[in-house]
Structures are given as C-alpha cells and as structure tokens.
Amino acid sequence: MANSIEKVDPKTTKLGWIGTGVMGRWMCQHLMDLGYGMTVYNRTKSKAQPLIDAGATWADSPSEVASTSDVIFTIVGFPPDVREVYLGDSGILNGAKDGSIVVDMTTTEPSLAQEIYAEAKEQGVASVDAPVSGGDVGAREARLSIMVGGDEAAVQAVMPLFSAMGKNIVHQGGAGAGQHTKMCNQITISGTMIGVCEGLIYGHKAGLDLETMLSSISGGAAACWSLDNLAPRVLKRDFDPGFFVEHFIKDMSIALDEARKMNLSLPGLALVHQLYTAVQAQGHGRLGTQALLLALEQMSGTEVN
C-alpha cells in the first residue's frame, strides 16, 4: 500500500462521510468540529444539509466522496446498502485512492466486512469495521462504544478520529471482529429490552409509581443503559427513534444467521426477534427500540401511563 496514512491531521487529512442519519449526522459533526475538511454524501440530500451548512462539501456519489478523501466513514442502513456503497458501480472502492482508509460503522454482516476488507486490500486500501452502540444520545454527546476490527496499523491511524465520537473504543481483532462484537452487544441488549418493558408493565399493573420504582431498581443489580435512557422515554410515551426498530430487527437477524452457522441455539434472541417483528407488523418499524412496549402492552391488554 503506497503512502498509507500513519497519522491523521486536520491540516493534511481530508475526510469523507456517507450516511447522515440520526447518528451519522452527529458523528460527522464531531470530526468537523476538530477542523477536518469533510465531503459528505447521503441518499436524501436534505438530511446532510446541517453538515453542508456547517461547511461540509456535498458529493453526488460514494465514489466521488472517496476520490477526494483520505479516510472515508460510512454508517448506512442495511447490508445491501453497505454492499452498494462499497462495491457498487458508484461505490467507494471505485473511487478510493491508494493508501486511503475506509471505515464502516454500520452494523452489518461479519462476512461482508471481511469481503470488503479483501476487496479493498487488493486495491491498496485499508478497511476497518467499527460498529457502534449508544444510539442517538451517544452519537450526539460523543459517548459511543466503538467495536473495532481490522489491521493494527489502520486502526491506530484512525484512533484519534474514533476518540472524537466515542468514549469506549476497543480493537477486537482482525476484519469482521468488530461486527461479531456488535452481535454480542445486540444479543445482550435484546434481552435487556424485554426485561425493561416487562418490568414497566408489571409495575404499572401493580399500581406502583413507575418513576419511584425506577429510582430503586436503576441503582441496584438491574442497572443498565436502557433503564437510564429508554425507560424515561417510555413513561412519556416517547417512542421517537434513537435506534430504529427495523434496524434492530436487521441486527438480530444477522446474529441469528451467524448463530446458525456456528450451530448455536439462542432461544432468548429468537423470542425477542419475534416480538420486534410484531412491533414492525403493527406499523412501528420506524419507531425507537423502546416501542417493544407496544407489542407487550397489546398482549397484556394494558397501557403503561
């Protein structure tokens, strides 16, 4: 790989960003706040407008972003989107410069991360998979957990950029290791979410003051991110997305597929996957993951308020 990046610098390193949704918009902004020149692309240009207004340059395709950038970040929706953004006719690898680094922060298939890594390497481009956890709040407040897979040199080169977006950044191993770690995260959080929602329904039916109840259990062994961040939203009937139901279903589907490949049985994950599928079937796929409560309320014939 010629002229590979060893150290990023706002004065000399040009960045690109593809995917400016509820999380990507803030993650990109944090890098711009450090003084980096930024080129952006999103399928819906209006969602990138705040970044353009802040000084980012618009590009008409992922390949155009790549052709003007030394490090290109992506955070898009689904594995087919990742494949198109990287490997499509107007994809990143059709425009990426020799020695550049691509960083996919989408949660996607570990096998796809490995495929992109191999394709990029043939072109003299380093590839890093770095899915995140923390939702819209974590993205906005630069408190994301970032799970990183890829070669050590490339990971270390972009580590200062990760530090602008997150607080818990761990290099897990080679290509695909970041995505496998994110599957562990999603398997764990799926079980947590059903516990949070069922606890709220039980507390409501028992006649408890739910804010008072939460003040007790959130300080004990049940303490978790979902209790602190999502349970208060539920009490306000606020189901706006920090992370979309349909994206969580995608993540759980990937985890179940990977589990089948490894001959693993994950019955808890399978159950929560079915419950979230019910939420989506009710027309709530674009709500936040706390909308799991809606399916459970329907099953119990009650409404938490």
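# Helix packing and ring pairs in a predicted model

Q: At roughly what angle do the axes of α8 and helix α14 (residues 292-300) cross?
A: This model is predicted. In it, the axes of α8 and helix α14 (residues 292-300) come within 10 Å. Their crossing angle is roughly 45 degrees.

Q: Is α8 roughly parallel or oblique to α14?
A: The axes cross at roughly 45 degrees. An angle counts as roughly parallel under 35 degrees, and roughly perpendicular starts at 65. The crossing of α8 and α14 is right-handed, and the angle makes α8 oblique to α14.

Q: How many residues of the contact of α8 with α14 are charged?
A: On the side of α8 the contact is made by M193, I194, C197, E198 and I201. On the side of α14 it is made by L292, L293, L296, E297 and S300. These residues divide into seven nonpolar, one polar and, as charged residues, two.

Q: Is the crossing of α8 and α9 left-handed or right-handed?
A: Helix α8 (residues 177-205) also packs with helix α9 (residues 210-217), at an angle of about 130 degrees and with the axes 10 Å apart. That makes α8 oblique to α9. The crossing of α8 and α9 is right-handed.

Q: How many residues of the contact of α8 with α9 are nonpolar?
A: From α8, the residues G199, L200, G203 and H204 meet L210, M213 and L214 in α9. Gly counts as polar here. The contact of α8 with α9 has no charged residues and three polar ones, and its nonpolar residues number four.

Q: What is the angle between the planes of F243 and F248?
A: A search of the whole structure finds five aromatic pairs. F243 and F248 form one that is edge-to-face, with a centre to centre distance of 6.3 Å. The angle between the planes is 70 degrees.

Q: How many residues apart in sequence are the parts that the pair of F248 and Y276 ties together?
A: F248 and Y276 form an edge-to-face aromatic pair, 5.1 Å centre to centre with 85 degrees between the planes. F248 lies in helix α12 (residues 245-261) and Y276 in helix α13 (residues 267-284), so the pair ties together parts whose separation in sequence is 28 residues.

Q: Which residues do ring pairs link into a cluster?
A: The search of the whole structure finds five aromatic pairs. Ring pairs also build a cluster, and the residues they link are W17, F73 and F162.

Q: What is the separation of the C-alpha atoms of S127 and A175?
A: S127 is in strand β6 (residues 126-129) and is buried, with a relative accessible area of 9%. Leaving aside neighbours within four places in sequence, S127 is in contact with V102, I116, Y117, A120, G149 and G150. S127 and A175 are 48 residues apart along the chain, and their C-alpha atoms are separated by 7.9 Å.

Q: Which loop holds N263, a residue with a positive phi?
A: N263 is not a glycine, yet its phi is about 60 degrees. At 72% relative accessibility, N263 counts as exposed. N263 lies in the loop between α12 and α13.

Q: Near what value is the phi of R237?
A: R237 lies in the loop between α11 (231-235) and α12. At 28% relative accessibility, R237 counts as partly exposed. Its phi is positive, in a residue other than glycine, and is near 55 degrees.

Definitions and conventions
Residues are numbered from 1 along each chain as its sequence is written. This is a predicted model: local features need pLDDT of at least 70, side-chain atom pairs count only at pLDDT 80 or more; totals for chains, interfaces and linings use all residues. Side-chain values use heavy atoms; hydrogens and water are left out. Axes are lines fitted to C-alpha atoms, for helices over the stretch in contact, and angles run from 0 to 180 degrees between N-to-C directions. Helices (H or I, at least four residues) and strands (E, at least two) are DSSP runs, numbered from the N terminus. Angles under 35 degrees count as roughly parallel, over 145 as roughly antiparallel, 65 to 115 as roughly perpendicular and the rest as oblique. A crossing is left-handed if the near helix is turned anticlockwise from the far one by less than a right angle, and right-handed if clockwise. Contact means heavy atoms within 4.5 Å. Rings of Phe, Tyr and Trp (its six-membered ring) pair if their centres lie within 6.5 Å; planes under 30 degrees apart count as stacked, over 60 as edge-to-face and the rest as tilted. Buried means under 20% relative accessible area, exposed over 50%, partly exposed in between (1.4 Å probe, protein chains only).
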